[in-house]
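My notes follow the order in which I looked.

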Amino acid sequence: MKLENLNRTEAFRYMGHKSGEIPQNINKLTDECESRLLSAITPKYVYSLFDIENTPDGVSVKNTPLVFKGKRISSHLNNCEKCVLLAATLGTGADAIIRSFESTAMEKAVIADCLASAAIEQVCDFAETEIQEKLSGLNFTWRFSPGYGDFPIDIQRNFLNVLNAQKRIGLSVNDSLILIPRKSVTAVIGVSEHDIPKGRRGCGVCNMRDRCEFRKRGTHCGEGR
């Protein structure tokens, strides 16, 4: 896939700019950063549908070694018979641009980082729309990623292995469980033939809630939509 533009509104929100006119100098820098990113990123995603079942150890993803542990992910997948595992990345280009700005222009580095964060969400939104179109007639939860709430992040390696993500989209995880490239996302989407009640989401389930800069500013990161 290819992104023609980046979600600047979301990026400005990540930067801490409230609704209203954006300063001219910030708009100019954002133009430059967006142009650099669009020429360098290579958005890719991969996903697969699996049957799931509840077990004493957690939610088991059938025919894989994955068992999702944690009350939040169990609640998220409650009444779902299947789930989609999704992995998405912007590729190494975004990381390279952010690093280059960090050594020469920190303001541009911050803007580029926020634009890239908005971009990877755009990729996930695109993938999610495709999934729902392919599985028309079914019902879906919102995306829930390892590291949110009490969903352990140490599942990342097996998660990527199940999707063969390194070979298919160049996505891996390092020993600190950080996704490489950094501007990447993994997520679980519950799937059911039955109606799915709108689950609780947002700050209440996030493991960053006690140190989140968005909450300090009286807003949120987007997961509460």
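Entry on method. I am working from a predicted model, in which local features need pLDDT of at least 70 and side-chain atom pairs count only at pLDDT 80 or more, while totals for chains, interfaces and linings use all residues. Residues are numbered from 1 along each chain as its sequence is written, and side-chain values use heavy atoms, with hydrogens and water left out.

Entry on N27. I found N27 in helix α2, residues 24-40; helices (H or I, at least four residues) and strands (E, at least two) are DSSP runs, numbered from the N terminus. N27 counts as partly exposed because its relative accessibility is 26%. The classes I use are buried (under 20% relative accessible area), exposed (over 50%) and partly exposed (in between), with a 1.4 Å probe and protein chains only.

I then asked which residues N27 touches, not counting those up to four places away in sequence. They are R8, F12 and I22, where contact means heavy atoms within 4.5 Å. F12 is 15 residues from N27 in sequence, and their C-alpha atoms are 9.6 Å apart. With R8, the side chain of N27 makes a polar contact of 3.3 Å. That term means a pair of N or O atoms within 3.5 Å; within protein, one must be able to donate a hydrogen and the other to accept it, and residues adjacent in sequence count only if both atoms are side-chain atoms.

Entry on salt bridges. I noted eleven in the structure, each a side-chain nitrogen of Lys or Arg within 4 Å of a carboxyl oxygen of Asp or Glu.

K108 and E32 form one at 2.7 Å, N to O. This pair links distant parts of the chain, 76 residues apart: K108 is in helix α5 (residues 106-134) and E32 in helix α2. K108 counts as buried at 17% relative accessibility, whereas E32 is partly exposed at 33%.

K82 and D51 form another, at 2.4 Å, N to O. Here strand β4 (residues 82-89) supplies K82 and strand β1 (residues 44-55) supplies D51, 31 residues apart. K82 is partly exposed at 28%, and D51 is partly exposed at 36%.

D125 and R143 meet at 3.0 Å, N to O. D125 lies in helix α5 and R143 in the loop between β5 (139-140) and α6 (156-163), so the pair ties together parts 18 residues apart in sequence. R143 counts as buried because its relative accessibility is 10%; D125 is partly exposed at 35%. Last, I recorded a network of salt bridges linking E121, D125, E128 and R143.
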